[in-house]
Amino acid sequence: MRKIHTESAMGDGMRNIVELVRQHNSDTALNHTAGASTSYSSLHPEPTNNPLYEDHVRSSIDECSLELDHEPTLSKRSLIEEKVPEVSRVRWGSRLMFILSAMGAAVGLGNIWRFPYLVYTHGGGVFLLPYVGALALFGLPLLLLEFSLGQQTQKAAMQALCAVHPRAGGVGFASALGAYFMSIYYSVLISWTWLFLFRSFEDPLPWKGSISDAEAFFYREMLGSCFPASSCTLGTSGKTSLQFGPTMANALNWFMTFVCVSRGAKSIGPASLVLMPMPFAMLGILFLRALALEGAGTGIGFYLTPDFSALADPHLWVNALSQIFFSLSLAVGAMIAYGSYNTQESDVVRSALVVGCCNSACSIFAGFVVFAVIGHLAFEEGKAVADVATGGTGLAFVVFPAALALLPASQVFSVIFFLTLLALGLGSAAALVESFKAVLFEMYPELAQRKYLTSAALCFVGWLIGLCMTTSDGRFFLDIFDHFIAQYVLVPIGLLEVVLVIRYYGVDRMANEILVHTEKAAPGVWAHLVKYVIPPGVGVLLVYNVVDEANSAYGGYVWWGILCGWVMVCCIAASLVYFVFFPAKSSSEAAPGLVNESPPQSPCDPLDGTSASPPVEG
Ligand code: PHE
């Protein structure tokens with residue numbers, strides 16, 4: 001473990017924190033969450049005399065259902081012999097726990113909702129080629145980079161980036177803000193799941209019948225949107241009004257997120273860990289049932305047969321890349337934080353491979369289920385697979401319910417399935433909000449004293465912004481948010497991370513550290529991919545995308561719809577630029593009355609001599 005702080009920087013505050021951690025260690029045997037809801041960067045206490053900060057540290061430790069490692073707490077040796085304390089860190093109980101947690105963060109609605117609709121929108125199996133290519137060339141190398149950045153620096157996202165370069169903290173802030181915006185539309189998706197769950201108790205299921213019955217139920221009855229879904233778009237559907245059901249379900253959802261975020265991950269973590277295998281089991285059952293349906297083979301054939309001519313469409317590549325970012329939870333700080341809870345010796349290379357491959361396997365498997373069902377529905381309706389359903393974000397919410405209605409005891413399966421989705425979704429939503437909250441607390445420790453108020457404010461504002469997505473035109477706004485976040489927030493932030501690591505940390509240095517610490521070498525090709533393939537590859541796709549966007553509005557939406565997307569992207573970009581030039585003020589400056597208390601001066605406070613700021617005196 002690295003020596004991070006000097007005795008002078010330690011002071012009583014550090015000893016108190018160490019005492020807190022030790023007490024916590026003996027009092028509580030915390031087990032790890034499903035990885036979903038962890039107070040990311042807040043789990044990295046810095047030495048301070050600030051009681052607010054200590055309180056935050058204590059609450060963060062409480063919130064995090066990780067096992068505390070006894071070894072890295074202030075060791076006798078460092079206290080007595082060297083008089084150099086080491087910062088205690090939360091640790092995964094085992095490598096398996098880490099892998100399961102990272103999978104918990106990766107596997108989510110993106111696998112079951114986003115992936116199948118992208119495949120269908122792009123005409124079937126051809127999407128698999130760029131998807132697998134993007135996984136191998138960009139996803140896995142970046143996942144390894146994020147894991148090992150956290151593991152080597154032993155810091156969560158914002159501070160890990162600060163360790164790379166003192167002014168890179170803005171990238172960390174922007175990624176957390178992106179996570180918050182993501183949570184807003186993710187939450188609306190979960191509210192749709194709530195509505196399905198409530199209606200799952202009816203006999204017969206209200207969407208039972210043909211695929212157009214399921215579509216009519218979803219678009220017209222549940223969302224109050226125009227129907228047929230393909231016949232209208234934003235602004236063309238007449239008067240837009242707030243929809244009672246989705247708005248209330250979203251409020252319920254934000255309330256639950258508030259409970260998780262303010263009380264900590266304890267409430268949802270263990271449940272998610274138990275429920276994590278459920279989507280796989282549910283998908284397995286649905287798959288077996290769907291296979292027995294007439295026409296399933298045609299659907300699966302459509303899924304597996306690539307139409308190579310579609311490879312010429314750059315949108316296909318851009319969507320595959322952004323799906324990989326979304327699905328692996330890259331560029332939101334989550335995976336850096338998860339890596340930082342490993343000891344430096346953990347076999348990070350194998351972990352990245354396992355997590356990346358299992359996550360994509362889950363998506364591809366969900367595709368089999370969706371296309372087997374679509375194949376059956378096409379058979380029933382005498383249509384081609386490509387014409388049977390309306391593509392777009394609603395696809396999974398039409399096809400899965402339609403498939404469930406085919407099962408015997410469909411209510412039971414329906415309830416189990418939507419509960420599983422809820423568990424997956426709520427965990428992710430809480431993790432996304434938590435990520436932003438943790439960064440805010442790190443920068444403004446005085447907010448940590450009002451953690452309930454801050455959490456409530458974040459959730460209320462999230463619900464308020466989400467109101468546009470619970471109107472009758474809401475699904476179009478959701479689509480716009482999703483598109484802009486995935487393509488203009490996650491992808492550029494991922495690119496920035498890579499460039500910063502190449503320029504200021506050194507890819508070879510990182511490869512060397514992996515080798516020295518884990519005694520397992522990263523595949524030789526990894527450094528080449530990071531240095532020579534990812535920056536130009538991602539850069540070219542990004543530039544193409546922006547130029548294309550300027551020429552034709554995404555999805556044919558009206559200009560003010562597109563403007564909403566750009567405003568969000570600009571807010572995030574502005575925060576990045578702002579924090580590059582004006583790192584957050586110390587809280588002694590920001591909050592009069594805390595003058596002699598020494599919380600971190602900024603997210604880029606010196607921890608190991610890499611920061612430009614002067615050391616904090618205890
Ligand atoms: N990877 C999740 C999904 O596929 C989304 C997510 C991103 C969750 C980032 C947490 C953090 O649904």
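Guide: C570 sits in helix α25, which covers residues 559-581. Keep in mind that this is a predicted model.

Visitor: Is C570 buried, exposed or partly exposed?

Guide: The relative accessibility of C570 comes to 48%. Exposed would need over 50%, and buried would need under 20%. So C570 counts as partly exposed.

Visitor: How far apart in space are C570 and Y488?

Guide: Along the sequence, C570 and Y488 are 82 residues apart. In space, going C-alpha to C-alpha, the gap between C570 and Y488 is 9.7 Å.

Visitor: What about C459, and which cysteine has the sulfur closest to it?

Guide: C459 is buried, at 4% relative accessibility. Its closest cysteine sulfur is 9.1 Å off, so that's too far for a bond too. That sulfur belongs to C260.

Visitor: Which cysteines do form a disulfide?

Guide: A disulfide is a covalent bond between the sulfur atoms of two cysteines. Searching the whole structure turns up one. Its sulfur atoms are 1.8 Å apart, and the pair is C226 and C232.

Visitor: What is the handedness of the link between C226 and C232?

Guide: Both cysteines, C226 and C232, are buried. The angle about their S-S bond is 85 degrees, and the link is right-handed.

Visitor: Which residues form the nonpolar patch on the surface?

Guide: One member, L563, lies in helix α25. L563 is partly exposed, with 43% relative accessible area. The patch has about 440 Å² of accessible area together, and its members are W559, W560, L563 and V567.

Visitor: Which residue caps the N-terminal end of α14?

Guide: Look for a side-chain oxygen 3.0 Å from the backbone nitrogen of H315. The residue that supplies this oxygen and caps the helix is D313.

Visitor: And which residue just after α14 takes a positive phi?

Guide: The phi in question is about 55 degrees. The residue with that positive phi, just after α14, is S329.

Technical notes: Residues are numbered from 1 along each chain as its sequence is written. This is a predicted model: local features need pLDDT of at least 70, side-chain atom pairs count only at pLDDT 80 or more; totals for chains, interfaces and linings use all residues. Side-chain values use heavy atoms; hydrogens and water are left out. Helices (H or I, at least four residues) and strands (E, at least two) are DSSP runs, numbered from the N terminus. Buried means under 20% relative accessible area, exposed over 50%, partly exposed in between (1.4 Å probe, protein chains only). Patches are made of residues with over 30% relative accessible area and no salt bridge: like charges are joined within 9 Å, nonpolar side chains (Val, Leu, Ile, Met, Phe, Trp, Tyr) within 5 Å. Accessible areas come from the Shrake-Rupley method with a 1.4 Å probe; for residues, only the protein chains shown count as cover. A salt bridge is a side-chain nitrogen of Lys or Arg within 4 Å of a carboxyl oxygen of Asp or Glu. A disulfide is a pair of cysteine sulfur atoms within 2.5 Å. A polar contact is a pair of N or O atoms within 3.5 Å; within protein, one must be able to donate a hydrogen and the other to accept it, and residues adjacent in sequence count only if both atoms are side-chain atoms.
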